[in-house]
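Please keep the sequence and the model in view while reading.

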Amino acid sequence: MKISELMKILNNHVPFHQAESWDNVGLLIGNDNLDITGILTTLDCTDDVVNQAIELNTNTIIAHHPLIFKGVKRIVEDGYGSIIRKLIQNNINLIALHTNLDVHPEGVNRMLAHQLGLENISMINTNSSYYYKVQTFIPKNYVEIFKDSLNELGLAKEGNYEYCFFESEGKGQFKPVGDASPYIGKLDSIEYVDEIKLEFMIKSNELEIAKRAILDNHPYETPVFDFIKMNKESEYGLGIIGQLNKTMTLDEFSEYAKKQLNIPSVRYTGQHDSPIKKVAIIGGSGIGFEYKASQLGADVFVTGDIKHHDALDAKIQNVNLLDINHYSEYVMKEGLKELLAKWLFKYENQFPIYASEINTDPFKYK
């Protein structure tokens with residue numbers, strides 16, 4: 001299996017366009033044509049992680065946090081440059097699945113919710129997405145060739161289904177004039193053609209591909225086609241809200257979360273004896289959504305990187321916060337390994353998939 005095929009599968013399950021505009025996801029370092037010898041999942045791509053990949057003879061690392069993010073100006077034997085150089089020197093591909101994995105229905109927040117044993121799970125913020133309904137008109141005897149061309153480009157696909165078209169028959173007419181070079185018919189003569197109105201759906205990021213595909217593969221010199229923009233509620237969204245199987249105090253829940261996530265420390269704001277049953281989670285840095293979570297009935301909002309003033313504001317507003325620090329997202333290593341095993345089951349005998357056990361938390365705790 002080549003990297004290019006892996007990228008198509010990842011884009012199908014964790015679409016890169018679902019990432020935030022400021023993010024940097026996808027293949028950051030590598031070669032589309034390389035055969036995969038193994039995959040290593042990690043939260044951060046550090047020097048130790050690269051060394052582990054080399055020891056495992058694994059030439060593909062999938063990290064949650066992008067290594068190339070703030071703008072690398074130099075690639076020298078220092079800092080991030082030394083990691084990038086080592087990746088390139090050892091032909092190791094680096095892929096980032098960041099905010100697109102955060103909003104995935106089985107992504108990082110769902111993984112955290114699973115660790116905390118939450119039930120009756122739903123999303124805090126469901127994304128609104130748009131797609132296009134495409135319609136064009138094809139001579140009846142050319143329609144199968146045209147559909148094959150679109151299918152080869154990955155268009156007209158919904159989930160695990162390919163070749164998703166709708167056809168309706170009709171009769172088209174046109175009169176070639178001037179310098180026209182018609183595929184069918186003669187100059188200055190009205191031509192009647194048995195045509196198929198072909199309809200199919202494309203994702204928002206496939207618009208330019210579909211336009212080019214129609215222009216390149218349609219038999220008519222001037223094809224007629226329409227793109228109709230349509231909106232729908234996406235299955236993707238940020239944050240999880242769910243219920244514990246029993247009510248705890250805020251103090252008890254804090255200890256419980258620390259144990260379940262196997263992290264060295266947590267901190268919270270709120271009354272220690274506040275009853276906690278409904279829990280909202282956004283891994284990483286989720287401050288800004290705590291009040292919406294409260295409006296949805298959450299008894300506590302769980303996230304990381306909470307700043308002093310945000311904690312103070314929440315306390316004044318009687319909104320309970322639990323800071324599980326940013327590194328708690330490490331749960332994605334095993335979680336992503338399991339997802340990859342499911343998505344890549346056809347290739348299970350070609351290469352192994354590992355979850356790195358290396359702790360990349362930059363902090364030490366007393």
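Glutamine 173 is exposed, with a relative accessible area of 54%, where buried means under 20% relative accessible area, exposed over 50% and partly exposed in between, for a 1.4 Å probe and protein chains only. The model is predicted, so local features need pLDDT of at least 70 and side-chain atom pairs count only at pLDDT 80 or more, whereas totals for chains, interfaces and linings use all residues. Residues are numbered from 1 along each chain as its sequence is written, and side-chain values use heavy atoms, with hydrogens and water left out.

- Glutamine 173 belongs to strand S6, residues 166-174, where strands (E, at least two residues) and helices (H or I, at least four) are DSSP runs numbered from the N terminus.
- Not counting residues up to four places away in sequence, glutamine 173 touches Glu191 and Tyr192, contact being defined as heavy atoms within 4.5 Å.
- Isoleucine 190 is 17 residues from glutamine 173 in sequence, and their C-alpha atoms are 6.8 Å apart in space.

**The chain as a whole**

- The secondary structure of the protein chain comes to 11 helices and 13 strands, and its C-alpha trace spans about 85 × 50 × 40 Å along the principal axes.
- The protein chain has 366 residues, of which 46% count as buried.
- Among contacts between residues at least 6 apart in sequence, 70% join residues at least 24 apart.

- Helix H6 (residues 143-152) and helix H7 (residues 207-217) have axes that come within 10 Å and cross at roughly 145°, the axes being lines fitted to C-alpha atoms, for helices over the stretch in contact, with angles that run from 0 to 180 degrees between N-to-C directions.
- The crossing of H6 and H7 is right-handed, a term used if the near helix is turned clockwise from the far one by less than a right angle, and left-handed if anticlockwise.
- On the H6 side Phe146, Ser149 and Leu150 take part, and they meet Ala213, Ile214 and Asn217 in H7.
- The residues of this contact divide into four nonpolar, two polar and no charged, where Ala, Val, Leu, Ile, Met, Phe, Trp, Tyr, Cys and Pro count as nonpolar, Asp, Glu, Lys and Arg as charged, and the others, Gly among them, as polar.

**Pockets**

- The largest pocket has a volume of about 1,200 Å³; on a 1 Å grid over the protein atoms alone, a pocket is an open set of points where a 1.4 Å probe fits, with protein on both sides within 12 Å along at least five of seven lines, and lining residues have an atom within 4 Å of a point.
- Grid points are joined across faces, edges and corners, and a volume is the space filled by probe spheres set on the points.
- The lining of the largest pocket consists of 43 residues, with His65, His98, Ser285, Asp305 and His326 nearest its centre.
- Helix H3 (80-89) and helix H4 (99-102) each supply at least two residues of that lining, which by class has 19 nonpolar, 14 polar and 10 charged residues.
- The second largest pocket, with a volume of about 930 Å³, is lined by 27 residues, of which Lys8, Ile9, Asn12, Lys157 and Glu162 lie nearest its centre.
- Two or more residues of the lining of the second largest pocket come from each of helix H1 (3-13), H6 and helix H11 (332-343), and H1 gives the most, with seven residues.
- By class, the lining of the second largest pocket has nine nonpolar, nine polar and nine charged residues.

**Backbone and further single residues**

- Most residues other than glycine have a negative phi.
- Asparagine 91, although not a glycine, has a positive phi of about 50°, and its place is in the loop between H3 and strand S4 (93-96).
- Asparagine 262 likewise has a positive phi, of about 55°, and lies in the loop between helix H8 (250-261) and strand S9 (267-269), where asparagine 262 is exposed at a relative accessible area of 64%.
- Serine 82, found in helix H3, counts as buried at 17% relative accessibility, and, leaving aside neighbours within four places in sequence, serine 82 is in contact with Val76 and Glu77.
- Asparagine 51, in helix H2 (residues 47-55), counts as partly exposed at 25% relative accessibility.
- Asparagine 51 and isoleucine 282 are separated by 231 residues in sequence and by 31 Å in space, C-alpha to C-alpha.
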